[in-house]
Amino acid sequence: MSDMPHLLIPLAISPAEGCQQALHGLELPQLDRLLARLSSTGLDAGAETDFAPPHERALARHHGLPATSEGTTPWAAWHQHQQVSAPHAATSAWAFITPCHWQVGADHVTLGDPARLQLDEAASRALLAIVAPWFAEDGITLTYDQPTRWIAQGAVFDNLPTASLDRVIQRDVRAWMPDPARARLLHRLHSEMQMLLYTHPFNDARAAQGLPPVNAFWVHGAGALPQPPAPVPAPEMPTTLLDAALREDWHAWRQAWAALDAGPVARLAAHVAGGGAARLTLCGERGAQSWHTAPRSLGQRIQSLFKPQRFSSVREQL
């Protein structure tokens, strides 16, 4: 089933009031057309407080990775396994480290969207050179991967539950921090990095450019991958709904849905109408539901004619 086209849509729905308002009058004819031809393969029910959001759990299942709500899918180790230059990845514990900005208020500590830092490769590598020695003292090796993502290797990351970055952007970090009993070292590093970077020339230069300071980091995707799964083609996973939701821009979210319905959803619906096999996964804040093409009984076909499956009837389960 992993070889058939798979459209995986994060944040197809949110309980946020702005999203519920954006749903009013939203027509998704291609999605309804597609759902009417598919059979459900099950619901992954969860909670908004799960460390791993539904779309990450669905992506993990697609790739044959552990898909737990606790945030123990070893995404960084899996990423390293894909790299030809990292043959020892399967026996090591890894994590992603994202440099970020924490806005400290009277009763909250909010993590801003790392994209707004406008870090390029040169700036990210310069920052990495500043902080890497501090991590190394605690047995953590940092290497560059992307401007807003480094790769970390260290024993502390073995089977360590960590919250997805998508869970914490624009939210209070305190509810999403790793368990202090399991990650005391990381909590101390957070304090040390805040003190180190508070008055560092790196941030002085950013302030002169009108850019926010980098004063913290986020750990996610931690763990080891002793038995890497067989590779499968990646699903099509547009992030336009997710990006708009993280910005709480529900007008853009509504526009993104219209564009998805006219684009990827319409293409998949046409593929299925032409007799092709396909999979669809819709994800919300709490759960995800998947469908696929499968032979249906006469009764099921009749039911789909008189009571077709629609987005409006399934979205509340997400």
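## Leucine 28 and its surroundings

Leaving aside its neighbours within four places in sequence, leucine 28 is in contact (heavy atoms within 4.5 Å) with Trp257, Asp261 and Phe311. The model is predicted, so local features need pLDDT of at least 70 and side-chain atom pairs count only at pLDDT 80 or more, while totals for chains, interfaces and linings use all residues. Residues are numbered from 1 along each chain as its sequence is written, and side-chain values use heavy atoms, with hydrogens and water left out.

Leucine 28 lies in the loop between helix H1 (17–22) and helix H2 (29–35), where helices (H or I, at least four residues) and strands (E, at least two) are DSSP runs numbered from the N terminus. With a relative accessible area of 3%, leucine 28 is buried, a word that stands for under 20% relative accessible area, as against exposed for over 50% and partly exposed in between (1.4 Å probe, protein chains only). From leucine 28 to methionine 193 there are 165 residues in sequence and 47 Å in space, C-alpha to C-alpha.

## Helix H10

The 13 residues of helix H10 (residues 250–262) should span 18 Å, which agrees with the 18 Å between its end C-alpha atoms; the expected span is 1.5 Å times one less than the number of residues.

S1 runs parallel to strand S9 (residues 279–283), to which four bridges join it, and isoleucine 9 has leucine 282 as its bridge partner in S9. S9 and S10 pair in the antiparallel sense over five bridges, among them the one between arginine 279 and histidine 292, and these two strands form a hairpin with four residues between them.

## Strand S10

Five of the five residues of strand S10 (residues 288–292) are buried, so the strand is largely enclosed by the rest of the structure. Ala288, Ser290 and His292 point one way from S10, whereas Gln289 and Trp291 point the other way. S2 also pairs with S10, in the antiparallel sense and over five bridges, and aspartate 44 has alanine 288 as its bridge partner there.

Notes. Pairing = 2+ DSSP bridges.
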